[in-house]
Amino acid sequence: MFTSKPHSFLVAGGLSLLLMTPALAQTYECEIRQRSWAGLISESYRFEIEAEKGRVLVLDPIIRFAEGKPVKGAFESLSDTETRVMWSVEDVPIAPEGGPTDATFEAVLTKDETTTVQVKAVWSDESDAGNGKGRCVLAQ
């Protein structure tokens with residue numbers, strides 16, 4: 001005779017499914033409050049990091065204008081509290097006349113009581129394209 005209760009079997013099975021579900025992406029909405037005058041640092045950034053897949057998507061007003069959708073980037077954990085995100089944008093619409101049109105970007109997100117971000121940009125000829133600092137929130 002079967003002595004287990006069907007209810008306890010269903011609960012255990014449900015927990016197993018929850019434990020097997022992959023972690024969701026962490027999406028950070030960042031507002032840049034201090035920017036240099038070099039020009040390529042936007043006032044806002046969105047980073048969608050999927051650590052299990054090794055994937056990050058980045059969106060800001062420049063990317064939205066130049067590409068029309070988020071760009072893929074790369075990321076690495078520098079420590080338990082710091083993550084570096086790197087990406088590039090080709091044919092930047094605000095490139096200096098006669099100068100380079102492609103740029104690479106790097107952002108370091110630091111998680112403490114709040115999450116802060118530092119962003120820097122470099123034109124393809126290695127010249128400075130700006131830097132900035134701000135705060136981020138983890139989107140729901």
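Modeller: Of the 140 residues in the chain, 29% count as buried, where buried means under 20% relative accessible area, exposed means over 50%, and partly exposed lies in between, with a 1.4 Å probe and protein chains only. This is a predicted model, in which local features need pLDDT of at least 70 and side-chain atom pairs count only at pLDDT 80 or more, while totals for chains, interfaces and linings use all residues. Residues are numbered from 1 along each chain as its sequence is written, and side-chain values use heavy atoms, with hydrogens and water left out.

The chain has 2 helices and 8 strands, which are DSSP runs numbered from the N terminus, with helices (H or I) of at least four residues and strands (E) of at least two. Along the sequence they follow the pattern α-β-β-β-α-β-β-β-β-β. The 8 strands close into a barrel in the order β1-β2-β3-β4-β5-β6-β7-β8, with antiparallel pairing, and the twist averages 30° from one strand to the next; such angles are taken between N-to-C directions, on a range from 0 to 180 degrees, with axes fitted as lines to C-alpha atoms, for helices over the stretch in contact. Two strands are said to pair if DSSP finds at least two bridges between them.

Some of these pairings can be followed residue by residue. β3 and β4 (residues 71-77) run antiparallel and are joined by 3 bridges, with Val 56 standing opposite Gly 73 in β4. β5 and β6, also antiparallel, are joined by 8 bridges, and here Val 85 has Ala 107 in β6 as its bridge partner. β6 then pairs with β7 in the antiparallel sense over 9 bridges; these two strands form a hairpin with 3 residues between them, and Ala 103 stands opposite Trp 123 in β7.

Now to the core. In soluble globular proteins, nonpolar side chains tend to be buried together. A nonpolar core here is a set of buried Ala, Val, Leu, Ile, Met, Phe, Trp, Tyr and Cys residues joined through side-chain atoms within 4.5 Å. The largest such core in this model has 28 residues, and those with the most contacts inside it are Leu 40, Phe 47, Trp 87 and Val 117. The elements that give two or more residues to it are β1 (26-35), β2 (44-50), β3 (55-59), α2 (61-66), β5 (82-89), β6 (103-111), β7 (115-123) and β8 (128-138).

Contact means heavy atoms within 4.5 Å, and, leaving aside residues within four places in sequence, Leu 40 is in contact with Tyr 45, Ile 62, Val 92, Ile 94, Ala 103, Phe 105, Ala 121, Trp 123 and Ala 129. For the chain as a whole, residues 24 or more positions apart account for 40% of the contacts with a separation of 6 or more.

With neighbours up to four places away set aside, the contacts of Val 119 include Ile 32, Trp 87, Ala 107 and Gly 130. Thr 115 is also found in β7, and it is buried, with a relative accessible area of 12%. Its contacts beyond four places in sequence include Tyr 28, Leu 109 and Cys 136.

The structure holds 1 disulfide, a disulfide being a pair of cysteine sulfur atoms within 2.5 Å, and it joins Cys 30 to Cys 136 with an S to S distance of 2.1 Å. This pair links distant parts of the chain, with Cys 30 in strand β1 and Cys 136 in strand β8, 106 residues apart. The torsion about the S-S bond is about 105°, so the disulfide is right-handed. Cys 30 is buried, with a relative accessible area of 3%, and Cys 136 counts as buried at 7% relative accessibility.
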